[in-house]
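Let's take a walk through this structure together, from its overall layout down to single side chains. Have the 3D view ready as you read.

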Amino acid sequence: METELRRIAELAKENKDMVFTSLAHLLNEENPKQCHKELPNKKATGINEVTKEEYGANLDENINNLVSRMKGKKYRPVPVRRTYIDKPGTKKKRPLGIPEHEDKIVQRGIAKILNAIYENDFLDSSFGFRPQRNCHDALKTLNVYIEKRYTSYVVDVDIKGFFDNVDHKWMMTFLEHRINDPSFLRIIGRFLKGGYMEEGKYYRTESGAPQGGIISPIVGNIYLHYVLDSWFEKKIRKESRGQTYMVRYADDFVCCFQYKSDAEAFYHKLRKRLNKFHLEMAEEKTSIIPFGRFAEEDCKRKKKGKPPTFDFLGFTHYCSRSRNGRFRVKRKSSSKKVKAKLKRHKEWLQKHRTMDIRLIMGRINLALQGYYNYYCITDNIYEVRNFYDKVKQLLFKWMNRRSQKKSFSWEKFRLFLQKYPLISPEIRVNIYSLRNHISYIL
């Protein structure tokens, strides 16, 4: 399977116009078995509540039955189980669709094939859910565009409910640019239209790609590659008077412009472009702001203070200066994200305060480790230390409520932390260290 995927990737890279006509046969017995092994254990189950362990207990028979149904065009995904998670910084909930384990297997196999083809088509402006690329790479690239290029204006864009509004007809049209295998496309189409179950009731899905599905990230990238990335590269950049750049991570993207007229023209064209593909800009979250070293100088000259800030990938970006007085873009943790994280810590400690203290400290340190890995970047250490202090205060508060007696003083709490220390924050990511695959921007 891996050899065949590498060959597909080579062919896709050599010929950008090649259309693949035979892909469904790759979903043979070997591929689904491998996908089953690669899926993580103890994950949430679909509506039939079949776990990986239960499916694997009779793996050969289950896989043979699955492949037989796919070959006979009888395979139909089970409707996903609809659940909801908190949307950080708001009272809203984000819908998730949890597929059955067998459907996860098929989705993983399809995602591998789609990645082999489209990874060579995706542009350098796209960073989300791609091999060897992550959020920090997107931030580093954006940093170069603002600090080293002629960026004076930033268009910060939010697409309203992107994954809920992916148009199925357009999605299949985009896939047909590279794929002409009816059997393979049929399976993808059935996933898109598979529907979901909520409180025992079935709901059809006429649009959207369920968040929580393994193929949703690659499907979303393909959709936005044609709707946004290629259009920006081939049309917007060519029609702009000055320098223009885009950095996109999934449906979150920022565009940089040298001239305000180019930024305004893009803003109006973008609304029409998105509407054509049944997407919509969240007007209240989309704005054109002066930003960059030229914008800072202009604001200073006009006595308007500092340029506005904008949020991207969980960080608030603002104009500042280095120690030697040079212009710098700096970042701090978005206050909305910080509040949401602290709320989750509070709720967890409140609920689990009577748990074994070693388990509590292990869980808190694990959460802090993940937080530091993402937020401990250049210029943000002060904000992360502030977050650390607030987590420590929450821990003190709820450990004091393990019983009716408030036995902890701060002095005793400090002694307690010597025995069960919290991980301290330190810089993990240098925003000025670029990986090889984004060195093209230098």
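The domain assignment of the protein chain, which like all such bounds here comes from an automatic or database assignment, gives domain 1 (1–127 + 168–218) and domain 2 (335–419). Their C-alpha centres are 38 Å apart. Please keep in mind that this is a predicted model: local features need pLDDT of at least 70, side-chain atom pairs count only at pLDDT 80 or more, and totals for chains, interfaces and linings use all residues. Residues are numbered from 1 along each chain as its sequence is written, and side-chain values use heavy atoms, with hydrogens and water left out.

Let's turn to a sheet. Helices (H or I, at least four residues) and strands (E, at least two) are DSSP runs, numbered from the N terminus, and two strands pair if DSSP finds at least two bridges between them. Four strands form an open, antiparallel sheet in the order E6-E7-E3-E8. Strand E6 (244–249) and strand E8 (287–290) stand at its edges with a single partner strand each, so one side of each has no neighbour in the sheet. From one strand to the next, the twist averages 20 degrees. Strand E3 (residues 153–158) runs antiparallel to E8 and is joined to E8 by four bridges; Val155 stands opposite Ile288 in E8. Helix H6 (residues 135–147) packs on this sheet, touching E6 and strand E7 (252–257). The direction of H6 makes about 165 degrees with that of E6, where axes are lines fitted to C-alpha atoms, for helices over the stretch in contact, and angles run from 0 to 180 degrees between N-to-C directions.

Next, what surrounds His317? This residue is found in strand E10 (residues 315–321) and is buried, with a relative accessible area of 0% (buried means under 20%, exposed over 50%, partly exposed in between, with a 1.4 Å probe and protein chains only). Not counting residues up to four places away in sequence, His317 touches Leu139, Leu142, Phe291, Thr309, Phe310, Phe312, Val329, Lys330 and Arg331, a contact being heavy atoms within 4.5 Å. The side chains of His317 and Arg331 are also joined by a polar contact of 3.4 Å; this term covers a pair of N or O atoms within 3.5 Å, where within protein one must be able to donate a hydrogen and the other to accept it, and residues adjacent in sequence count only if both atoms are side-chain atoms.

Rings of Phe, Tyr and Trp (its six-membered ring) pair if their centres lie within 6.5 Å; planes under 30 degrees apart count as stacked, over 60 as edge-to-face and the rest as tilted. The structure holds 28 aromatic pairs. Phe291 and Phe310 form an edge-to-face pair, 5.0 Å centre to centre with 75 degrees between the planes. Phe291 lies in the loop between E8 and helix H11 (293–301), while Phe310 is in strand E9 (residues 310–312), 19 residues apart. Both Phe291 and Phe310 are buried.

How are the rings of Tyr371 and Phe387 arranged? Their centres are 3.8 Å apart and their planes at 10 degrees, so the pair is stacked. Tyr371 sits in helix H13 (residues 357–375) and Phe387 in helix H14 (residues 381–399). Tyr371 counts as buried at 5% relative accessibility, and Phe387 is buried at 2%.
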